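Colleague: Could you take me through this model and tell me what stands behind the words you use for it?

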Amino acid sequence: MAASLPASRPLILWFRQDLRLNDNPALSAAAASGRPVIALYVLDTAMRDWAMGGASRWWLHHSLDQLGAALRQRYGIALLLRRGDPEAVVTALAQETDARAVHWNRCYEPAAVARDTRLKAALQESGIETGSHNAALLFEPWQVKTQAGGWFKVFSPFWRACRALPEPATPPRAPQTLTPWLRPLASDALTDWGLLPHRPDWAGGLREAWTPGEAGAAARLQDFLDEALTSYAQGRDRPDRAATSKLSPHLHFGEISPRQIWHAIRMKVDTGGLTVGSNAEKFLAELGWREFSYHLLYHFPALPQRSFRDDFEAFPWDNRPRLLQAWQQGRTGYPIVDAGMRELWHTGWMHNRVRMIVASFLVKHLRQDWRQGAAWFWDTLVDADLANNAASWQWVAGSGADAAPYFRIFNPILQGEKFDSRGDYVRRWVPEIAALPDKYIHKPWLAPDKVLAESGLRLGRDYPAPLVDHDGARKAALAAFASLRDDAREAAGAG
DNA sequence: TGAAATGTTGGGGCG
DNA sequence: ACGCCCCAACATTTC
């Protein structure tokens, strides 16, 4: 009877990286409160480090568009859009509307944690109730502990510990009703935020490749379950096949939760038997790597800026913008590397196997600082995610937790021949060498003149000669690594 | 979630 | 027939 008194003070439901209605604990809490709800998204224009990159902004625009439509259709609630320093915007809105409570789902980036902690204290100080919920992770970073009570620095024991915890709860569906707050509020228009590229509009490839939003995420998951899961363990390494889930950007923006994925997989395994089982295990472990990245970032907040292994701070990087730029533009002369970089530029995404290859190439063959690579990925990936990006780059560089040892240097030719054996992937993204026979598709510079001529390819003109020699670059990288070790030994000896 | 260098073995060509 | 050498093919070690 008293549940929806018009005079009841409102609850602010603050959307952040949880742009969905289903399995959204903050939204469920808002519904359960019975209070009128103000749905808010704040564009953070005050952020200094790690402001959203171009590809992410494109995605955000469409995801907010979808969320706004869903809120309106389902609940008759408008998504209020404001920009500025989120702390100030939320505080001001709470005062403006005499809000009784503010609810949100947690973010785990160090700056967001600090901000939310301050905001929570300030709101409570003014007698406003706050609620923060977990919508983004299977397990909270502080929940997973070693025997000794510390945090994990190695993946396998981390994931084992996760699996020993109670399974994540079954994700609830979106609540039936939310009570709208009827007083009109000034809102920005989404188009005013300039999130979409213009002059030039480089987003054509993104539009072809993606459907941002909760419905798009659900469709993507269903497609993966139907088409790719049963051969995931093998197929996931093949960039020439559509064998991965491509859920990463949806996960980043919270259009789907890892809990929803976990349970969808579980249902599939229960009905599908063993062939699904081992593949599902492999896929769940990928969710595990995501959890591990968040675990690392939470407990080592400098992860995006600083090498996890201290000795790596002394690594003799070869700071040469020309090399970095050739890598960014996909003009290294190594087809598998260039294909990956061009896929990234065109679609805002790159196959995971190829990410490892291009990252290894930048850090080891070109000896450019992993932070340069991380910054480029940050700007160009639609799934750019601070925890995943920092942890993964450090993993490849060898500077991270449980990282690949530095001497593990991918051979871009062998990797290409192994995982893109017929060259389909390379031909798609590096069309100028498409006419080369399979034998030379991953090493055009070894093709005899006759073959080059028949393929209509002038090496060094139509397609670059290799930027560096593989064997020489490999040896140089190993030497640089050795110098790091010697420095450490010397320092220890001197100390 | 590598690759290259080095070591070992065994079949077969050949004098 | 026998020993020698060559060199795949595979295993181990090293970076």
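Predicted model: local features only at pLDDT ≥ 70, side-chain atom pairs only at ≥ 80, totals over all residues.

Colleague: Why are helix 13 and helix 17 called roughly perpendicular?

Modeller: The axes of helix 13 (residues 335-347) and helix 17 (residues 412-419) cross at roughly 70 degrees and come within 8 Å. Axes are lines fitted to C-alpha atoms, for helices over the stretch in contact, and angles run from 0 to 180 degrees between N-to-C directions. Angles under 35 degrees count as roughly parallel, over 145 as roughly antiparallel, 65 to 115 as roughly perpendicular and the rest as oblique. Helix 13 and helix 17 are therefore roughly perpendicular.

Colleague: Which residues meet there, in helix 13 and in helix 17?

Modeller: Pro335, Ile336 and Val337 of helix 13 meet Pro412, Gln415 and Gly416 of helix 17; contact requires C-beta atoms, placed from the backbone, to lie within 7 Å. By class, this contact of helix 13 with helix 17 has four nonpolar, two polar and no charged residues.

Colleague: What makes helix 14 oblique to helix 16?

Modeller: Helix 14 (residues 352-365) and helix 16 (residues 386-397) pack at about 60 degrees, their axes 9 Å apart. That angle makes helix 14 oblique to helix 16. The crossing of helix 14 and helix 16 is right-handed, a term used when the near helix is turned clockwise from the far one by less than a right angle. Met356, Ala359, Ser360 and Val363 of helix 14 make the contact with Trp393, Val396 and Ala397 of helix 16.

Colleague: Which residues are around DNA strand B?

Modeller: Among them are Phe155, Trp289, Met356, Arg408 and Gln415. A residue is near a strand if its C-beta atom, placed from the backbone, lies within 6 Å of it. The residues of this surface near DNA strand B divide into eight nonpolar, two polar and one charged.

Colleague: What makes the peptide bond from Arg199 to Pro200 cis?

Modeller: Its omega is near 0 degrees. Pro200 is found in the loop between strand 6 (179-180) and helix 6 (204-209).

Colleague: And what is noted about phi of Asp98?

Modeller: Phi of Asp98 is near 50 degrees, a positive value in a residue other than glycine. Most residues other than glycine have a negative phi.

Notes:
Residues numbered from 1 in each chain as written. Chains lettered and ligands numbered in written order. Helix = DSSP H or I, 4+ residues; strand = E, 2+ residues; numbered from the N terminus. Contact = placed C-beta atoms within 7 Å. Nonpolar A, V, L, I, M, F, W, Y, C, P; charged D, E, K, R; others polar.
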